[in-house]
Amino acid sequence: MMKNLTKESILAIIEKKDTVLLATQKKVCLPIINRIYQKMKYGIKFDDIKVCGALVIDGHHRYICSLLVNIDIDRAKSSKTSATVAFNWQDVEFVEEEWDTEDKIKQLNELDADFNNMSIEEITEIIK
């Protein structure tokens with residue numbers, strides 16, 4: 001069981017996949033990936049990611065976790081702008097700094113609990 005994922009452990013799994021969407025953001029947050037990974041591994045459902053062709057437009061953290069847990073996450077068609085740049089996952093920076101505040105994490109946990117018809121306590125226990 002992987003508790004704390006690293007860029008290396010994530011890339012090792014991504015590289016084994018046949019087809020992988022490309023990133024459109026240069027950085028992702030490892031603490032967010034670790035929280036979503038724990039939730040997905042437990043079976044928590046998430047909103048669709050937004051894609052345009054072979055590009056992830058919105059939902060990079062959820063997409064990475066879906067690859068790690070080996071589940072299909074629903075995709076909604078989106079559009080890109082002239083500023084959209086594609087990145088291979090090897091070129092994406094996986095930052096260890098926490099991007100979310102405690103309040104934001106609590107809010108996201110409440111949304112996940114509501115979306116999955118669970119209690120906030122159950123969600124909190126999953127990501128301990």
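Asn34 is located in helix H2, helices (H or I, at least four residues) and strands (E, at least two) being DSSP runs numbered from the N terminus. The model is predicted, so that local features require pLDDT of at least 70 and side-chain atom pairs count only at pLDDT 80 or more, whereas totals for chains, interfaces and linings use all residues. Residues are numbered from 1 along each chain as its sequence is written, and side-chain values use heavy atoms, with hydrogens and water left out.

With a relative accessible area of 10%, Asn34 is buried (under 20% relative accessible area, with exposed over 50% and partly exposed in between; 1.4 Å probe, protein chains only). A polar atom of the Asn34 side chain lies 2.7 Å from the backbone nitrogen of Leu5.

Helix H2 also packs against helix H3. Their axes come within 9 Å and cross at roughly 50 degrees (lines fitted to C-alpha atoms, for helices over the stretch in contact, with angles from 0 to 180 degrees between N-to-C directions). H2 is therefore oblique to H3 (angles under 35 degrees count as roughly parallel, over 145 as roughly antiparallel, 65 to 115 as roughly perpendicular and the rest as oblique). In H2, Ile32, Ile33, Ile36, Tyr37, Met40 and Lys41 meet His61, Arg62, Ile64, Cys65, Ser66, Leu68 and Val69 of H3 (contact: heavy atoms within 4.5 Å).

Helix H1 (residues 7–14) has Ser9, Ile10, Leu11, Ile13 and Ile14 as its buried residues. The cover over these residues includes helix H2 (30–42), helix H3 (60–69) and strand E5 (93–95).

Technical notes
Polar contact = N/O pair within 3.5 Å; in protein donor to acceptor, adjacent residues only side chain to side chain.
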